[in-house]
Amino acid sequence: MTHEAARLRFKSWICAAIVILSNVAGNFFLKSGMPASLPTPLDYITVLFRPTVALGVLLLILWMASRMALLSWADLSYVLPVTSVGYVLVALAGRVLLHEEITARRWTGIALIMTGVALVSGATAPQTSPRPKPLPEVAGAGR
Amino acid sequence: MKWVLIAAIVAATSAGEILQAMGMRQHGEIRDFRPGAIRRAVALLARNWMVGASVVAMAISFFAYLGLLTLTELSFAVPATAVTYVLETVLAKYILKERVSAVRWAGAVLVICGVALVSL
């Protein structure tokens with residue numbers, strides 16, 4: 001593996017970890033602060049001012065930003081499977097925090113996800129598609 | 001109603017993520033994570049129409065998902081919306097011209113089956 005390929009792979013793993021953790025935590029707070037029903041359109045706005053919902057939304061903004069950064073160099077077909085480790089974390093968090101039992105079916109699902117993620121993140125390069133040259137004004141910025 | 005919401009979520013998420021990937025790819029690799037550089041990148045990205053359109057599509061998807069969560073449990077909402085994984089991987093191959101190798105397909109299929117098993 002060339003130095004450049006190793007650099008992109010390591011950078012992708014770090015960024016994917018941020019994407020995964022912010023998504024799991026964000027969805028947890030969003031769901032825990034959500035009322036049973038949102039009867040009027042205005043309720044969709046006012047619910048955003050509940051503290052737990054607001055924290056969830058902030059974490060989901062971090063999720064979106066880190067995911068966009070990851071997509072600036074990595075394939076979408078790499079990002080999608082790799083970031084699905086989040087489903088495994090949700091299941092394990094349910095067991096540790098809420099003492100939910102993990103059934104045999106869910107353990108099978110966890111094993112399938114981890115195998116798939118290991119295949120995609122370990123055996124395929126994050127970037128396979130031809131990249132256009134950056135726009136001239138972009139080339140100088142952010143270096 | 002819930003199937004209408006799921007259809008809207010799948011369509012809006014897929015369109016939004018393909019547009020986002022195209023826009024971010026056009027911007028090029030983000031290498032500098034200092035606050036000033038991130039501000040400049042955000043200012044540049046805000047003027048990228050594909051990124052703008054992706055934000056609109058994902059906002060539609062987000063509010064449709066909030067609505068879905070009031071109708072159903074996560075254990076239904078998550079696997080139902082995981083259909084987007086299949087659709088987006090196909091679109092990534094044909095629209096984004098990514099080389100989806102046999103290994104990557106195998107990994108993606110394992111993940112999709114695993115997500116369904118974990119959340120059903």
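Predicted model: local features only at pLDDT ≥ 70, side-chain atom pairs only at ≥ 80, totals over all residues.

Student: Which pattern does chain B follow along its sequence?

Tutor: Start with the elements. Chain B has six helices and zero strands. Read in sequence order, chain B gives the pattern α-α-α-α-α-α.

Student: What share of the contacts in chain B between residues at least 6 apart in sequence join residues at least 24 apart?

Tutor: Take the overall figures before the contacts. The C-alpha trace of chain B spans about 45 × 35 × 25 Å along its principal axes. Of its 120 residues, 42% count as buried. Among contacts between residues at least 6 apart in sequence, the share joining residues at least 24 apart is 82%.

Student: Which helix gives the most to the side of chain B that touches chain A?

Tutor: The contact takes 45 residues from chain B and 42 residues from chain A. On the chain B side, α1 (2-27), α2 (35-46), α3 (49-71), α5 (83-94) and α6 (102-119) each supply at least two residues. The helix that gives the most, with 13 residues, is α6(B).

Student: How does the side of chain B that touches chain A divide by residue class?

Tutor: Gly is counted with the polar residues here. On that basis, the side of chain B that touches chain A divides into 23 nonpolar, ten polar and twelve charged.

Student: What do the buried residues of α6(B) pack against?

Tutor: First, the helix itself. α6(B) has 18 residues and reaches 26 Å from its first C-alpha to its last, close to the 26 Å expected at 1.5 Å a residue. Its buried residues include B:R104, B:L110, B:I112 and B:S119. The buried residues of α6(B) pack against α4 (76-82), α5 and α6 (104-123) of chain A, together with α4 (74-81) and α5 of chain B.

Student: How are α1(B) and α3(B) oriented to each other?

Tutor: Their axes are 7 Å apart and the packing angle is about 155°. Angles over 145 degrees count as roughly antiparallel. That makes α1(B), relative to α3(B), roughly antiparallel.

Student: What is the handedness of the crossing of α1(B) and α3(B)?

Tutor: Look at the contact as well. By class, the contact of α1(B) with α3(B) has 18 nonpolar, eight polar and one charged residues. The crossing of α1(B) and α3(B) is left-handed.

Student: Is B:V55 buried, exposed or partly exposed?

Tutor: B:V55 lies in helix α3 of chain B. A residue needs 20 or more other C-beta atoms within 10 Å to count as buried, and 12 or fewer to count as exposed. B:V55 has 18 within 10 Å, so B:V55 is partly exposed.

Student: What is the phi of B:K97?

Tutor: B:K97 is found in the loop between α5 and α6 of chain B. With 11 C-beta neighbours inside 10 Å, B:K97 counts as exposed. B:K97 is not a glycine, yet its phi is positive, at about 60°.

Student: Over to chain A. What do the buried residues of α1(A) pack against?

Tutor: The 31 residues of α1(A) should span 45 Å at 1.5 Å a residue, and its end C-alpha atoms are 45 Å apart, which agrees. Among its buried residues are A:C15, A:V19, A:N23 and A:F29. The buried residues of α1(A) pack against α3 (51-71), α4 and α5 of chain A.

Student: How are α1(A) and α5(A) oriented to each other?

Tutor: Their axes come within 9 Å and cross at roughly 45°. The crossing is right-handed. α1(A) and α5(A) are therefore oblique.

Student: How do the residues of the contact of α1(A) with α5(A) divide by class?

Tutor: From α1(A) come A:I20, A:N23 and A:V24. From α5(A) come A:V85, A:G86, A:L89 and A:V90. The contact divides into five nonpolar, two polar and no charged.

Terms used
Residues numbered from 1 in each chain as written. Chains lettered and ligands numbered in written order. Contact = placed C-beta atoms within 7 Å. Helix = DSSP H or I, 4+ residues; strand = E, 2+ residues; numbered from the N terminus. Axes fitted to C-alpha atoms, helices over the stretch in contact; angles between N-to-C directions. Parallel < 35°, antiparallel > 145°, perpendicular 65-115°, else oblique. Left-handed = near helix turned anticlockwise from the far one by under 90°. Expected span 1.5 Å × (residues − 1).
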